[in-house]
Amino acid sequence: MELILTPAEQKFRDEVREFLAANVPEDIKRKTMTGYRLSKEEHVSWQKTLYEKGWIAPSWPVEHGGTDWTPMQKHIFQEECASAGAPPVLAFGVVMVAPVILKFGTQKQKDYYLPRILRSDDWWCQGYSEPGSGSDLASLRTKAVLNGDHYIVNGQKTWTTMAQHANMMFCLTRTDDSGKRQEGITFLLIDMDQPGVTVQPITTIDGSQEINNVFLEDVKVPVENRVGEEGKGWTYAKYLLGHERTSIAAVGRSKAQLARLRDIAKVEQQDGRPLIEDEAFQKKLAEIEIDLLALESLVLRVLSDESAGKGPGPEASFLKIRGTEVQQGITELLVEAIGNYAHPYVPEAMQTGWNEDPIGPEYAASIAPHYFNWRKASIYGGSNEIQKNIIAKAVLGL
Amino acid sequence: MSFAFNDDQKLLAESADRFILDDYAFETRRKIMAMEGGFSREIWSQFAELGWLALPIPEAHGGLGGSTVDTAVLMECLGRGLVVEPYLAAVVLGAGAVAEAGSDAQKNGILPGVAEGTTLLAFAHVEPKARFNLNHVETRAAKDGAGYALTGAKAVVHNAESADTLIVSARTSGSVTDADGVTLFLIDRAAAGVTLRSYPTIDGLRASEVMLDGVKVGADAVLGEVGKAMPAVEAVADRASVLLCAEAAGAMDAAVKLTVEYMKTRVQFGRPIGEFQVLQHRAVEMLGAKEFSRALTYRAAGVVDGANPRERARAVSAAKVEMGRAGRKIGQDGVQLHGGMGMTDDMAVGHYFKRLTMIDVMFGNADHHMRRFARLA
């Protein structure tokens, strides 16, 4: 089922498609499609290309460097980027911290950080979770104590994605623990390039190292790096998570992965016939495709509400749940598709500069690691159980 | 059909569980995986001393003549410890194939060494394009004087690099997926023309792609009857499948226990997360999945030795389907209930998840065995 586009939307799609075809480098495209890791330089280089075109932050207000695109145009853009194998723009800057700065930041913060985010001058990471505070984020204990014109921050953040590349962290800290837990939290922007910040990688079950522990020891943060009011950080954090959920749905990427799954299932042979002709496999493919169509429909609805001035409500939690279920379902079917070649674990094959022959089909190397890695999706950004709690409370009033 | 362990089986389970507990901690396993060949020769010798390697080998050939249920009891314990030693490759598949197809001379020549831990075997049957079709054998064995010359490729051969002898299937007649015309050969791993490309597997084992380029063998290398190997291959694969289900039962048991333990100690919102009913139900479903899978596995193990091939195939396929589903559920939910911690390499639950996922793939995933079960109805 294709989206029905107006002539203007078709023209827009063609323009995006043409741009991507001319500008996504071939090796980046191949890596993105097969789930290989990109270097920091590769990410930044692609984001700068988008910046120069003016397409790095479509959802921002035009006056700050965004676009005047309709929700449908934004959706088309995402979908085209994914199907062209363009690396996803890292969410931490453009999608996560920027909306908070835009809404709650000072003029000085806007003037300084927003252009830097557009140009990918800073690499942001998210300092939310702590060892004792995962689903129960409001219990966080990283302490920020005001000392003249600085906060002194002490504590530990964890699961910090790509902190190894980051020079800035937006961080939830506790400035008061006398009242309600949610009321003593302060939102700080922390410069990572300073003494007292230690980043320690965590190896995940797929063998990769993209998440980290971040230790903060007497880290100095100027008061001017506080966003909004002291003690109101929880409100800002919730605002941010609402924004994250529409992007976490990743409809375009799932469409592209589903197309890749189909391609692989056409090549894989089962008893002398392509796997894609197997009825049980077809049924599973169809189920995921329908789940994805329903997801896309709800995403478009939420995006229209947003453009009509209604921020994403708690219903956005459904997008996170369904989005990650679809992504994980596709990774699971990819493992099924490659049969015995799910076994070999050759992480070097996923690195730049590996020139040996693949073991089994070339597309197989990243599939099982990615399946295991992507189990994180139903855990991060508020686990899917927490999303259901949010809906139960905020939507159903239970 | 008995559903209770006999005294010997109880003793075996106790001693194997004790071994895992005392000598095969998660951190020990990590060190063992880094050893040459991906396992510990010392522990392999211990297995021999304990009589585990002799367990399924016929008494007439240096073994203990244990049943498939006996071996399942052991495999379940090995699964609980995520043991990486090549029990499946060398004993279940390798010795199993020799016992199933070999002449008395071959059995006498090979099996005592396996039981003593001095001979290692690997079973090189699956091919790159075979997927789960056991009949798919492209490797050719052409007549070469009195013997044969083998050319072809074998895929994901577990523990081939440490094996002394490879048991290789090759086509002596017929076309690629014919059931007739497949012959088993005993091939020295170091023979001229045998090339291995070895690698770690995602669940912590070692495997190889095995290339055969005009490998010359004598007529005495033929294991069993020329052109008639498939019934033996199927019997070996079925027994290995049900034993993998037993290994999975142990892995599932451990994963469920670890998860429940974590739920009792991890505090969020001021109480252990195990107090949240929605999570309790998840854990209960995991436990149930394990119990059903384990029960069906032992039932299938009980019929493997005596049943006709059709009954055997249905029993094994049913167990493999149930295991595939249960393993997926327990692996995925085990990680989910551990939260971010479940994603880390430091926690055992993710390693059980990976092993369970790969056991599903071995000798055909749940979909494959569902089709097979239905076809044989």
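A residue is called buried here if 20 or more other C-beta atoms lie within 10 Å of its own, exposed if 12 or fewer, and partly exposed in between, with C-beta atoms placed from the backbone. The views below come from a predicted model, in which local features need pLDDT of at least 70, side-chain atom pairs count only at pLDDT 80 or more, and totals for chains, interfaces and linings use all residues. Residues are numbered from 1 along each chain as its sequence is written, while chains are lettered from A and ligands numbered from 1 in the order in which they are written.

**View 1. Helix 11 of chain B (residues 366-375) and its buried residues.** Helices (H or I, at least four residues) and strands (E, at least two) are DSSP runs, numbered from the N terminus. In this helix, the buried residues are Ala366(B), His368(B) and His369(B). Looking down the axis of helix 11 of chain B, you will find them within an arc of 155°, so they line one face of the helix; the arc is that of the directions from the helix axis to the C-beta atoms. Their packing partners are helix 9 (309-338) and helix 10 (348-361) of chain B. On the face turned away from the buried side sit the exposed residues Ala374(B) and Arg375(B).

**View 2. Phe363(B), in the loop between helix 10 and helix 11 of chain B.** Phe363(B) has a phi near 55°, a positive value in a residue other than glycine. For context, most residues other than glycine have a negative phi. Phe363(B) counts as buried because it has 23 C-beta neighbours inside 10 Å.

**View 3. Ala250(A), in the loop between helix 7 (233-248) and helix 8 (251-267) of chain A.** Here is another positive phi in a residue other than glycine, near 50°. Ala250(A) is buried, since 22 other C-beta atoms lie within 10 Å.

**View 4. Helix 4 of chain A (residues 71-83) beside helix 8 of chain A.** The two axes come within 8 Å and cross at roughly 35°; axes are lines fitted to C-alpha atoms, for helices over the stretch in contact, and angles run from 0 to 180 degrees between N-to-C directions. Helix 4 of chain A contributes Gln78(A), Glu79(A), Cys81(A), Ala82(A) and Ser83(A) to the contact, and helix 8 of chain A contributes Val251(A), Gly252(A), Arg253(A), Lys255(A) and Ala256(A). Two residues are in contact if their C-beta atoms, placed from the backbone, lie within 7 Å. By class, this contact has 4 nonpolar, 3 polar and 3 charged residues; Ala, Val, Leu, Ile, Met, Phe, Trp, Tyr, Cys and Pro count as nonpolar, Asp, Glu, Lys and Arg as charged, and the others, Gly among them, as polar.

**View 5. The largest nonpolar core, with 163 residues.** A nonpolar core is a set of buried Ala, Val, Leu, Ile, Met, Phe, Trp, Tyr and Cys residues joined through C-beta atoms within 7 Å. Those with the most contacts inside this core are Ala97(B), Val114(B), Ile167(B), Phe185(B) and Val242(B). Helix 7 (residues 230-265) of chain B gives the most to the core, with 19 residues. Not counting residues up to four places away in sequence, Ala97(B) touches Phe123(B), Ile167(B), Leu184(B), Leu223(B), Ala232(B) and Val236(B).

**View 6. The contact between chain A and chain B, with 34 residues from each.** Helix 11 of chain A gives the largest share of chain A's side, 3 residues. That side divides into 13 nonpolar, 14 polar and 7 charged residues.
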